[in-house]
Amino acid sequence: MGVSFMDLFEYANDESMRKVELGPGAVMLHGFALSDEEALLTDLNAVVEQAPFRHMVTPGGHRMSVAMTNCGSLGWLTDRTGYRYDPIDPENGQPWPAMPASLLKLAQSAASEAGFPAFTPDGCLINRYEPGAKLSLHQDKDEKDLNQPIVSVSLGLPAIFLFGGAKRADKQLQLHLNHGDVVVWGGPARLFYHGIKPLATGEHPRLGRYRLNLTFRKAS
Ligand code: MD3
Ligand code: FE
């Protein structure tokens with residue numbers, strides 16, 4: 001019986017600060033990616049060496065301001081013919097680089113912490129933002145099983161994330177996504193509209209003038 005000072009201290013650190021429900025099924029894990037940061041960045045560098053960032057073109061013919069690449073057995077693509085997941089990088093005709101163990105482990109432990117212990121991502125889309133780059137309001141629905149969550153990891157410069165609702169016209173909340181933040185998007189929030197405001201100029205001690213966002217998906 002009774003609650004000690006230490007219990008309250010732990011509660012404040014572990015629950016009310018670090019793990020926050022942002023919306024129905026969306027769980028923010030503040031700083032969750034920080035503990036394994038160096039392994040993550042080393043492994044990301046190796047992926048990007050094999051599959052460099054590129055600016056893809058939308059079906060409407062617009063060059064995206066966000067540069068993208070992928071790792072894992074399926075990579076997300078857009079070109080003039082549409083959006084899809086593909087096992088092959090069209091830039092070199094080779095399979096996307098394998099998903100490094102450090103990335104897979106981070107995604108699975110975050111999903112578990114948010115109540116999805118069986119998450120087995122087969123793709124990781126890697127987005128790179130420079131100042132001015134943005135992502136317009138959209139839904140993610142190219143994945144086969146929309147009951148599977150998406151795990152997002154933010155690194156580098158901070159961004160303002162727009163978090164809408166099930167309908168495009170729904171009012172949007174603005175949330176800051178900072179270096180090391182991980183969000184698990186499951187439940188109803190999985191299909192909510194979202195986007196990123198144009199990145200502000202800045203200098204991050206580890207990533208310079210960039211923001212990286214990793215999204216782990218079960219595409220198939
Ligand atoms: C909510 N990426 O890659 S991360 C995307 O920061 C994407 O690069 C943004 O939207 C970025 O599709 C936002 C947060 C995020 C990612 C996927 C979601 C939120 C999501 C999927 C469903 C609902
Ligand atoms: Fe998205």
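Me: Which residue in β13 is the bridge partner of S152?
Reply: The bridge partner of S152 in β13 is V183, and since we are just starting, please keep in mind that this is a predicted model.

Me: How many bridges are there between β10 and β13, and in which sense do they pair, parallel or antiparallel?
Reply: Strands β10 and β13 are paired in the antiparallel sense, over four bridges.

Me: And what joins β2 to β13?
Reply: Strand β2, which covers residues 26–29, is joined to β13 by four bridges, and these two strands run antiparallel. Within that pairing, L29 has V182 of β13 as its bridge partner.

Me: Where do the side chains of β13 point, and are they buried or exposed?
Reply: In strand β13, made of residues 182–185, V182 and V184 point one way while V183 and W185 point the other way, and all of them are buried. In a regular strand, side chains alternate between the two faces of the sheet.

Me: OK, zooming out, what is the strand order of the open sheet?
Reply: The open sheet has seven strands with antiparallel pairing, in the order β1-β2-β13-β10-β15-β8-β3. Its edge strands are β1 (19–23) and β3 (67–72), each of which pairs on one side only. On average, neighbouring strands of this sheet are turned by 20 degrees against each other, if direction is ignored.

Me: What about β8 and β15, over how many bridges do they pair?
Reply: Strand β8 (residues 123–129) pairs with strand β15 (residues 211–217) over seven bridges, in the antiparallel sense. As one example of residues facing each other, Y129 stands opposite R211 in β15.

Me: Changing topic, which residues are the protein donors of the iron ion?
Reply: The iron ion (ligand 2) has H138 (NE2), D140 (OD) and H194 (NE2) as its protein donors, and they lie 2.0 to 2.2 Å from it. Along the sequence, these donor residues follow the spacing H-x1-D-x53-H. D140 sits in the loop between β9 (135–138) and β10 (150–156), whereas H194 belongs to strand β14 (residues 194–196), so this pair ties together parts that are 54 residues apart in sequence.

Me: Are D140 and H194 buried or exposed?
Reply: D140 is buried, with a relative accessible area of 11%, and H194 also counts as buried, at 16% relative accessibility.

Me: Last one: which residues does UniProt list for the domain?
Reply: UniProt, in an unreviewed entry, lists residues 120–220 as "domain: Fe2OG dioxygenase". Over residues 120–220 the chain is 0% helix and 42% strand, with the end C-alpha atoms 10 Å apart.

Key: Residues numbered from 1 in each chain as written. Chains lettered and ligands numbered in written order. Predicted model: local features only at pLDDT ≥ 70, side-chain atom pairs only at ≥ 80, totals over all residues. Heavy atoms only, no water. Donors = N, O, S within 2.8 Å, 3.2 Å for Na, K, Ca; no water. Buried < 20%, exposed > 50% of the residue type's maximum accessible area, 1.4 Å probe, protein only. UniProt positions renumbered as here; feature names shortened; annotations may be inferred. Pairing = 2+ DSSP bridges. Axes fitted to C-alpha atoms, helices over the stretch in contact; angles between N-to-C directions.
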